[in-house]
Amino acid sequence: MLIADETPTTDRPLRESVRDAIRSRIFEGHYAPGTRLVERDLAAEFNVSRLPIREALRMLRQEGLIQDRASRGSEVAGLSPKDVEDLFDVRQSLEVLACRLAAARATDKDLKHLARLLDQAERFLAKGSILEAHRANSEFHDAITAIANNDFLRTALEPLQGRMHWLFRHVDDLPELIQEHRDLYAAIASGDPERAATQSASHIGKYREQFPQNELATELKLQGKRP
């Protein structure tokens, strides 16, 4: 069933609550790559009709978190080593632009929102709430895209965000990641688009290099298995 903080409200459609619940289960490893997602079973698990399940799966399919197999129906998508490389290639192009635009367009309100997300990540980490800390870090990147205020850029990034957030759940050194985000925040807050772009490229490049170079080790890590 839906947990308390995922209970639908009058201004939030049920399909979005279901989508967020399924997404969280994917991020937490409850639904591992290759797991079949059957509408009937999910409807029973979440105690809802099949319609919001169908809509939630459609949205997750657009994010790249699930895929269709001719013989198996919907299943949780995995990421091969080549997928990871390709994803970083595209992300480096798009997020560097997002940070450049954010530096030029961020308001005081926008900067306060980014700072709050960073503070949240640190508080969650201090409490040992790792999933919530990862979620705050993901929201930090989403907020930068929103601040960039470019509809075409947002449309290009949206299908990638779910996979990038899932990928970064495998980063082990959260204090280092949060510090990286604070450096990126400082660059955006400076109002210097080139500084923000340079910091963004450095941030993405650093984590590209941290994923294992050995393809088998990379694949095992992303599948949640040990070599």
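A: In this predicted model, asparagine 47 is found in the loop between H2 and H3. Helix H2 covers residues 39-46, and helix H3 covers residues 50-63. The backbone of asparagine 47 has a phi near 60 degrees, a positive value in a residue other than glycine. Most residues other than glycine have a negative phi. Asparagine 47 counts as exposed because its relative accessible area is 56%, and the cut-off for exposed is over 50%.

Asparagine 149 is found in the loop between H6 and H7, just after H6. Its phi is about 55 degrees, although asparagine 149 is not a glycine. With a relative accessible area of 56%, asparagine 149 is exposed.

Threonine 35 is found in the loop between helix H1 (14-28) and helix H2. Its relative accessible area is 25%, so threonine 35 is partly exposed; that class lies between the cut-offs of 20% and 50%. A polar atom of the side chain of threonine 35 lies 2.7 Å from the backbone oxygen of alanine 32. Threonine 35 is also in contact with Ser74, Glu75 and Val76, once its neighbours within four places in sequence are left aside. Another residue in that stretch of sequence is alanine 77, 42 residues from threonine 35 along the chain, and the two C-alpha atoms are separated by 8.3 Å.

The structure holds two cavities of 30 Å³ or more. In the largest cavity there is about 120 Å³ of space. Its lining is made of 13 residues, and those nearest the centre are Asn137, Ser138, His141, His165 and Phe168. Helix H4 (81-105), helix H6 (130-148), helix H7 (151-168) and helix H8 (174-189) are the elements that give two or more residues to this lining. Three of the lining residues are nonpolar, seven are polar and three are charged.

At 7% relative accessibility, histidine 134 counts as buried, because buried means under 20%. Not counting residues up to four places away in sequence, histidine 134 touches Phe168, Arg169, Val171 and Leu174.

Phe168 and Val171 are also touched by leucine 177, as are Asn137, His203 and Tyr207, again not counting residues up to four places away. Leucine 177 has its place in helix H8, and with a relative accessible area of 1% it is buried. Between leucine 177 and tyrosine 207 there are 30 places in sequence, while their C-alpha atoms are 9.1 Å apart in space.

Helix H6 takes part in an open space as well. The largest pocket has a volume of about 930 Å³. Of its 32 lining residues, Arg19, Asp20, Arg23, Glu63 and Asp142 are the closest to the centre. H1, H3, helix H5 (108-127), H6 and H7 each supply at least two residues of the lining. H6 gives the largest share, eight residues. The lining of the pocket has 16 charged residues, along with eight nonpolar and eight polar ones.

The last step is to set these parts in the whole chain. The protein has 10 helices and two strands. Of the 227 residues, 44% are buried. Among the contacts with a separation of 6 or more, 69% are between residues 24 or more positions apart.

Methods
Residues are numbered from 1 along each chain as its sequence is written. This is a predicted model: local features need pLDDT of at least 70, side-chain atom pairs count only at pLDDT 80 or more; totals for chains, interfaces and linings use all residues. Side-chain values use heavy atoms; hydrogens and water are left out. On a 1 Å grid over the protein atoms alone, a cavity is a set of points where a 1.4 Å probe fits but cannot get out, and a pocket is an open set with protein on both sides within 12 Å along at least five of seven lines; lining residues have an atom within 4 Å of a point. Grid points are joined across faces, edges and corners, and a volume is the space filled by probe spheres set on the points. Helices (H or I, at least four residues) and strands (E, at least two) are DSSP runs, numbered from the N terminus. Ala, Val, Leu, Ile, Met, Phe, Trp, Tyr, Cys and Pro count as nonpolar, Asp, Glu, Lys and Arg as charged, and the others, Gly among them, as polar. Buried means under 20% relative accessible area, exposed over 50%, partly exposed in between (1.4 Å probe, protein chains only). Contact means heavy atoms within 4.5 Å. A polar contact is a pair of N or O atoms within 3.5 Å; within protein, one must be able to donate a hydrogen and the other to accept it, and residues adjacent in sequence count only if both atoms are side-chain atoms.
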